[in-house]
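This briefing is for a reader new to the structure. Please look at the sequence and the model first, then read the points below by topic.

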Amino acid sequence: MSPRAGTRTGTTPHTLAFVESPVQLLNVLEWAHARHAPPAREEPGAQLTLVVLSPNDPMTRGQLRRMAELARDEGHTVRWEEARGGTAAPFRTIGGLAPMLRRARRVVMGDPFSRYVQLLLTITRAADLVVVDDGTATMEFVGQLARGERLVRWHRKGGRPGPRDVLFAPVSSSARRRLTPARGRRVEVFSSMPIQDSPEGVTVTAHTFAWTRARFGPPRVTKGADMVGTSLVETGVVDADRYLEAVRALARAHGAARYFAHRRESADKLHRLAVETGLEVVRPDLPLEVIARRGPIGRTVLSFPSTVVHTLPLALSGTDVRVAVCDIDPAWLTDHASPRAQGFLSGVTGTARDVHRLAAVTPA
């Protein structure tokens, strides 16, 4: 695929969307489907140019390419940017996107915490800004926006700002102001997360995975249990040994056979997990919501606190699949975990709808 594959020259996009992960791309497709579904709130076929700010991680890139194919099947234009391909890549990417940003009437983004996205927000003149789900981070974004706080990812909050944070602070502050509704500027949050502290003037639109359900499935449901992985070890929140012990105990208690790896889980950890637990490690080529909807999927899906405890019940609505979430024991947290980690993870579990809540497992 060329860096500009799918680009239509000479067009002025009504809507410009920026994504950096497969889930963000999926949620842009869901937003576009919800916006154009009858009764239409906008003219059919309104132009959507979807810009992929590609990361370097091979698994993420592979999922993004698969999702880009689905986006083209839906009639959207996809522009692939090698946004991290060397020192000059950010300057080349931002320079190439600047004219489109200035012309766009609406900008859709998946990660308002992204420095790339925050920098792009300083260029756009769009009157409509839309934030689609980027997992549980959306809950934190909305809360920080309502409280007027600086935009910081939940697992980093509580630590001292580093030199890069200080250097980037003016851009981050500018992005936060751009994401605050004002006269002539509308802000929408398209989310399947429980939004409790919606900022004044922000429109919250329910994300129900209607496109995923219409496009895939219903799945074949098997008798066993499947398990969903998490990147809490990779982000420094949970101790690796404690995590593997918990996975082993949970799989044994519920008879799980497969472990769907998170795209950010390290190969070394997954190899160790497979050896020590006997689980079949599956690296999905699409977001888990799509994988589960296509099936086959276990009658019980086990998860630790993560985005899927909110999204899978929606994607699997109308099936017999039960989503069960296991709490994180405070003893599993690392010494480097944010002071907010335990409270945030408990909130993720406590606010989930249509899930069965399990107590934290006690490793043997």
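Val-131 is buried, with a relative accessible area of 1%; buried means under 20% relative accessible area, exposed over 50%, and partly exposed in between (1.4 Å probe, protein chains only). This is a predicted model, in which local features need pLDDT of at least 70, side-chain atom pairs count only at pLDDT 80 or more, and totals for chains, interfaces and linings use all residues. Residues are numbered from 1 along each chain as its sequence is written, and side-chain values use heavy atoms, with hydrogens and water left out.

**Surroundings of Val-131**

- Val-131 sits in strand S5; helices (H or I, at least four residues) and strands (E, at least two) are DSSP runs, numbered from the N terminus.
- Leaving aside residues up to four places away in sequence, Val-131 touches Met-109, Pro-112, Phe-141, Leu-179, Glu-188, Val-189 and Phe-190, where contact means heavy atoms within 4.5 Å.
- Val-204 is 73 residues from Val-131 along the chain, and the C-alpha atoms of the two are separated by 9.6 Å.

**Salt bridges**

- The whole structure holds 19 salt bridges, a salt bridge being a side-chain nitrogen of Lys or Arg within 4 Å of a carboxyl oxygen of Asp or Glu.
- Asp-128 pairs with Arg-106 in one of them, with the closest N and O atoms 3.9 Å apart.
- That pair links distant parts of the chain, since Asp-128 is in strand S5 (residues 128-132) and Arg-106 is in strand S4 (residues 106-109), 22 residues apart.
- Asp-128 counts as buried at 15% relative accessibility, and Arg-106 is buried with a relative accessible area of 9%.
- Asp-128 also forms a salt bridge with Arg-186, where the closest N and O atoms are 2.5 Å apart.
- Arg-186 belongs to strand S6 (residues 186-191) and Asp-128 to strand S5, so this pair ties together parts that are 58 residues apart in sequence.
- Lys-269 and Glu-234 meet through their side chains in a salt bridge of 3.1 Å, N to O.
- Because Lys-269 lies in helix H9 (residues 267-277) and Glu-234 in the loop between strand S8 (221-228) and helix H8 (240-254), the pair ties together parts that are 35 residues apart in sequence.
- Lys-269 counts as buried at 8% relative accessibility, while Glu-234 is partly exposed, with a relative accessible area of 30%.

**Helix H2**

- Helix H2 (residues 58-73) has 16 residues, which should span 22 Å at 1.5 Å a residue, and its end C-alpha atoms are 23 Å apart, which agrees; the expected span is 1.5 Å times one less than the number of residues.
- The buried residues of H2 are Met-59, Thr-60, Arg-61, Gln-63, Leu-64, Met-67, Ala-68, Leu-70 and Ala-71.
- Their cover includes helix H1 (22-36), strand S2 (48-53), strand S3 (77-81) and helix H7 (210-215).
- Gly-75 follows H2 and has a positive phi, near 95°.

**Lining of the second largest pocket**

- Helix H5 (137-147) and helix H12 (341-350) each supply at least two residues of the lining of the second largest pocket.
- H5 gives the most to this lining, with five residues.
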